[in-house]
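Work through the exercises below with the structure open, and try each task before reading its solution.

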Amino acid sequence: MTTRIPGGPLSAEERAAERFTDGEWHRLHPATPLLRGGIFFIAVLGFVLSNLRERIVNFFIGAPDLGGDPIDAIYNRGWEGWALLALAVVLSLVLALFYVSWRMHSFRITGDAVEVRSGVLFRTQRKARLDRIQGINVVRPLLARIFGAAKLDISVAGHDANVQLAYLGSALADGLRSDVLRLASGVRAAEAAEAAREAEAESAGLVGPPEGGVAAPAGAAVNSGAAGAVGDLVTRRVNEFLAPELDPNAAPPESVVRIPPLRLMGSLILSGFTVFVAFVVAILIWGAASGAIWLLVVVLPGLLGSASFYVRRFTKSLRYSIAGTPDGVRVGFGLFSTSNETLPPGRIHAVEVLQPLLWRPFGWWQIRIDTAGHSREKGAAGQPNTTMLPVGDKADVARVLELILPAFATEENRRLIEAGMTSRGRDGFVGSPRRAVWIRPLSWRRTGFVLLDDAVLLRRGFVWRSLAIVPLARLQSLELEQGPLDAALSLAGARFHTVSGPVRPRLAAIDAKRSVDLFERVSERAIVAAGADRSHRWGSAPAAEGLHGARPSTDPEGHDR
């Protein structure tokens, strides 16, 4: 009897993508040069149409010829042949350059890395090690969706270390994403070992041949003709546009969070950018009232452009979804240009739950994370792709935290998180002493921490509330700092160093003796947690993702905190 390999049965896309992970060099989608230079072609098309507008209008409605058309100038001088020859030469050169660029742009996927080489005159080669992959993002811009193509953006730990496969077939991009994650998780290695054992057992006569292995007759499903092929192509494109952003075969059919459009719109309006726009409008009104007409010329174009800012962010966040998969958390969003990214287990170095002041009356929150690598594409609401939840209520926050820190989903930890989000009292947190009121008059009651078995929770902020969660297995260092005023009050500050990102895990105005004790206990537990972590091979060993049965620690006096 054989054991079941993690990961479950493969989809048709994953099976089709397996031939591209054979360690050989393969080329990208044939439309890659066109898609990479799509903006240039649109600009050229706009230029041609702008110069032919008189002819087009004259052809349809018989408008009078006002002259000045470059096409007329070429025709009047008898340069038609030369113009056509020049056009043919330019098109031939462009097509030849695109073809050579496509031929020279290739990729290969081996058992330990993804490599891309490109360039005609100046060759470049980029390599992404599988054990350093932080996330894989499948991006489908609107123009690429028309051609049935997508970009595969592989985020790797390090500065400017990402590898991008732009472009691939849409189904192939999904299949390769799953296959690369299976390689990185160790599932493919386990499958190969299992297949070798089955072959060895079969050769020894212990296992019979598979049943029902009758091949389908060749040509059983041959397309009836060109019309059928065109119909199939149109049907596939329509299905791709209407398909859910999260593949039901890889993720639960329902996202754990739904963002209502009104809430999304409200979160965009109640933002810092809106405060800036309101300030600009006030200046514009003042200028108009005082006769400073030049302000209209300077400010009004930018003010009109702010409308497109809101529209872009709103449409980019539509169809937001987040769900768990066997290979990590998958986040999808977008209406016209879509994106869905998979974050493998153990890649999140810090989590922050924060609440801007303008969101407090509505009970809205946002979740941000730190990872060692970032996709080049923007995330939901046009924000960095480190934003896991653009806007949500307490229930949404709890569901998202259960996904990104699954072992943290206990009732006791939920109470700690809720206290860290809203409470002004201790509620299990080790807080600042009363003397901290001299340097933190508003936030000293909220400032506090809880040390768990595998993580530390940091609560701060009175006006802008913040709760940071740092898995100790991902902690790089801990720094204690004490200025002259802190020393006079026997206080200290603590900075928890992780990878660069939007989360800043730090505390100020905590008791100096408690900070030293915190330093020692965090140092010990971080070493133990890092040694026990196996999340880089989450498919071949029990992953040490997040917090394993995390329990509140005790303070130096032995009381639960």
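**Exercise 1.** Determine how helix H13 and helix H14 are oriented relative to each other, and which residues bring them together.

*Solution.* In this predicted model, begin with the axes of H13 (residues 394-404) and H14 (residues 411-422), which come within 11 Å and cross at roughly 130°. Because angles over 145 degrees would be needed for roughly antiparallel and 65 to 115 for roughly perpendicular, H13 is oblique to H14. The handedness of this crossing is right-handed. Next, look at the side of each helix that takes part: Lys394, Val397, Leu401 and Glu402 of H13 meet Arg414, Ile417, Glu418, Met421 and Thr422 of H14. Sorted by class, this contact has 4 nonpolar, 1 polar and 4 charged residues.

**Exercise 2.** Describe the crossing of helix H11 with helix H12 and the classes of residue in their contact.

*Solution.* The axes of H11 (residues 272-290) and H12 (residues 294-317) come within 10 Å and cross at roughly 150°, and the two helices are therefore roughly antiparallel to each other. Their crossing is left-handed. Among the contacting residues are Phe273, Val277 and Trp286 of H11, together with Leu295, Phe309 and Tyr310 of H12. By class, the contact has 14 nonpolar, 3 polar and no charged residues.

Terms used. Residues numbered from 1 in each chain as written. Predicted model: local features only at pLDDT ≥ 70, side-chain atom pairs only at ≥ 80, totals over all residues. Heavy atoms only, no water. Axes fitted to C-alpha atoms, helices over the stretch in contact; angles between N-to-C directions. Helix = DSSP H or I, 4+ residues; strand = E, 2+ residues; numbered from the N terminus. Parallel < 35°, antiparallel > 145°, perpendicular 65-115°, else oblique. Left-handed = near helix turned anticlockwise from the far one by under 90°. Contact = heavy atoms within 4.5 Å. Nonpolar A, V, L, I, M, F, W, Y, C, P; charged D, E, K, R; others polar.
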